[in-house]
Amino acid sequence: MPDWAWVLVGVVAGLVALWLALVALLWAQQRRSGSAMDWRAIARLAPDVVRLVKRLVGDPTVPRATRWWLGGLLVYLVLPIDLIPGFLPVIGYADDAIVTAVALRYAIKHAGYDAIERHWPGTPEGLTAVLALVRVRPPSSPPGSPQPSPRPGR
């Protein structure tokens, strides 16, 4: 077999292994949480998350590395090629959710919760849901308590 064919086989095998790892991660996360996630409700948050990421990318107060990371996330979300095909029920958008969760955790760690809260375009409940999805507690919440609405009165 020619060398280029071995490279192609290696790339395909690597993508399959990554895809299987992401599926296993999603399955383990659902089992650990003890309840099924409502993927339809999470899908409704997608436009708000995309607007949040776009606003963070355009904010010069956000560290440059974080803006690059989030810009890469936007490119990934726009590309039609996914690790898990979108037509698969329930898990079809798992790769997007996992990559988005990782990028948002990174953004919160490096840009700060205030930047996330300042640029969030949706409802306070939506922000609370996104923070729960990425497993980040608002700074005012003590560990183990239910997550309150991050912006009361709005």
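**A walk through the model**

Modeller: Let us start with Asp 114, which lies in helix H6 (residues 113-119), where helices (H or I, at least four residues) and strands (E, at least two) are DSSP runs, numbered from the N terminus. This is a predicted model, in which local features need pLDDT of at least 70 and side-chain atom pairs count only at pLDDT 80 or more, while totals for chains, interfaces and linings use all residues. Residues are numbered from 1 along each chain as its sequence is written, and side-chain values use heavy atoms, with hydrogens and water left out.

Colleague: Is Asp 114 buried or exposed?
Modeller: Asp 114 counts as exposed, because its relative accessibility is 55%; buried means under 20% relative accessible area, exposed over 50%, and partly exposed in between (1.4 Å probe, protein chains only).

Colleague: And how far is Asp 114 from Pro 138, C-alpha to C-alpha?
Modeller: Their C-alpha atoms are separated by 9.5 Å, although the two are 24 residues apart along the chain.

Colleague: Stepping back, what is the secondary structure of the chain?
Modeller: The chain has seven helices and zero strands, and buried residues make up 32% of its 154 residues. Of the contacts with a separation of 6 or more, 59% are between residues 24 or more positions apart, a contact meaning heavy atoms within 4.5 Å.

Colleague: Let's look at H4, then; which of its residues are buried?
Modeller: In H4, the buried residues are Thr 66, Leu 70, Leu 73, Leu 74 and Tyr 76. They lie on the same side of H4, because they cover an arc of only 165 degrees around the axis, the arc being that of the directions from the helix axis to the C-beta atoms.

Colleague: What do the buried residues of H4 pack against?
Modeller: They pack against helix H3 (46-57) and H5. The face of H4 turned away from its buried side carries the exposed residues Arg 64, Trp 68, Val 75 and Val 78.

Colleague: Why does Thr 66 count as buried?
Modeller: Thr 66 counts as buried because its relative accessibility is 1%. Leaving aside residues up to four places away in sequence, Thr 66 touches Tyr 106, Ala 107, His 110 and Ala 111.

Colleague: Now H5: how far apart are its end C-alpha atoms?
Modeller: They are 25 Å apart, which agrees with the 26 Å that the 18 residues of H5 should span at 1.5 Å a residue; the expected span of a helix is 1.5 Å times one less than its number of residues. Among the buried residues of H5 are Asp 95, Asp 96, Leu 104 and Ile 108, and H5 is followed by Gly 112, whose phi is positive, near 95 degrees.

Colleague: Changing topic, what volume does the largest cavity have?
Modeller: Its volume is about 40 Å³, and the structure holds one cavity of 30 Å³ or more. On a 1 Å grid over the protein atoms alone, a cavity is a set of points where a 1.4 Å probe fits but cannot get out, and lining residues have an atom within 4 Å of a point; grid points are joined across faces, edges and corners, and a volume is the space filled by probe spheres set on the points.

Colleague: Which residues line the largest cavity?
Modeller: Its lining is made up of Leu 52, Leu 104, Ile 108, Ile 116, Leu 127, Val 130, Leu 131 and Val 134. Helix H5 (94-111) and helix H7 (124-133) are the elements that give two or more residues to this lining, and H7 gives the most, with three residues.

Key:
On a 1 Å grid over the protein atoms alone, a cavity is a set of points where a 1.4 Å probe fits but cannot get out, and a pocket is an open set with protein on both sides within 12 Å along at least five of seven lines; lining residues have an atom within 4 Å of a point.
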